Amino acid sequence: SLWNNTSLSGNIESLRLFKDTLEKVEITICVKIVGDFMVFADFPHLKWLDLISTATTGDVRDIRNYHFPMLENFHLSDNVYGGTFYKFQHLSDVPV
């Protein structure tokens with residue numbers, strides 16, 4: 001977990017190295033962290049994704065029913081279209 005580190009910078013794409021092992025990604029209040037949240041869509045063991053108050057981007061309408069196969073908890077930044085103030089019971093409920 002990375003929390004409240006306003007000096008930290010980087011792209012979440014670099015976490016692809018850990019695709020087959022990551023279960024939790026919690027990067028919050030790290031305003032210089034960038035990248036598209038969909039980079040995690042095919043992580044087979046990811047259960048928790050929290051990118052609140054980062055510079056990450058994307059669009060929840062890109063999510064398909066085969067993305068994020070194990071995800072249980074999902075929090076996105078304000079920069080993600082549809083990323084805040086929405087609740088879905090299942091990823092398949094995300095409007096296309």
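Q: Which residue in strand 6 is the bridge partner of Cys 30?
A: Thr 54 is the bridge partner of Cys 30. Keep in mind that this is a predicted model.

Q: How many bridges link strand 4 and strand 6, and in what sense do they pair?
A: Four bridges, in the parallel sense. Strand 4 covers residues 30-36 and strand 6 covers 54-59.

Q: What stands opposite Gly 35?
A: Thr 56, in strand 6.

Q: And where does strand 8 come in?
A: Strand 8, residues 80-81, is joined to strand 6 by two bridges. The two run parallel. Asp 59 stands opposite Tyr 81 of strand 8.

Q: What's the strand order in that sheet?
A: The order is 2-4-6-8, in an open sheet of four strands with parallel pairing. Strand 2 (9-11) and strand 8 are the edge strands, each pairing on one side only.

Q: What holds paired strands together in general?
A: Backbone hydrogen bonds, in either a parallel or an antiparallel arrangement.

Q: Back to Thr 56. Buried or exposed?
A: Buried, because its relative accessibility is 0% and the cut-off for buried is under 20%.

Q: What does Thr 56 touch, leaving out neighbours within four places in sequence?
A: Its contacts are Ile 12, Ile 33, Val 34, Gly 35, Leu 51, Ser 77, Asn 79 and Val 80. Gly 35 is also the residue standing opposite Thr 56.

Q: New topic: strand 3. What does strand 3 pair with over three bridges?
A: Strand 5, residues 48-50, in the parallel sense. Within that strand, Trp 48 is the bridge partner of Lys 24.

Q: How many bridges join strand 1 to strand 3?
A: Two. Strand 1 is residues 2-3, strand 3 is residues 24-28, and they run parallel. Leu 2 stands opposite Ile 27.

Q: How many residues are in the largest nonpolar core?
A: There are 21. Those with the most contacts inside the core are Val 25, Phe 37, Phe 40, Leu 49, Leu 51 and Phe 68. Strand 3 and strand 4 are the elements that give two or more residues to this core.

Q: Take Leu 49. What does Leu 49 touch, not counting residues up to four places away?
A: Val 25, Phe 40, Phe 68, Leu 71, Asn 73, Phe 74, His 75 and Leu 76.

Definitions and conventions:
Residues are numbered from 1 along each chain as its sequence is written. This is a predicted model: local features need pLDDT of at least 70, side-chain atom pairs count only at pLDDT 80 or more; totals for chains, interfaces and linings use all residues. Side-chain values use heavy atoms; hydrogens and water are left out. Two strands pair if DSSP finds at least two bridges between them. A nonpolar core is a set of buried Ala, Val, Leu, Ile, Met, Phe, Trp, Tyr and Cys residues joined through side-chain atoms within 4.5 Å. Buried means under 20% relative accessible area, exposed over 50%, partly exposed in between (1.4 Å probe, protein chains only). Contact means heavy atoms within 4.5 Å.
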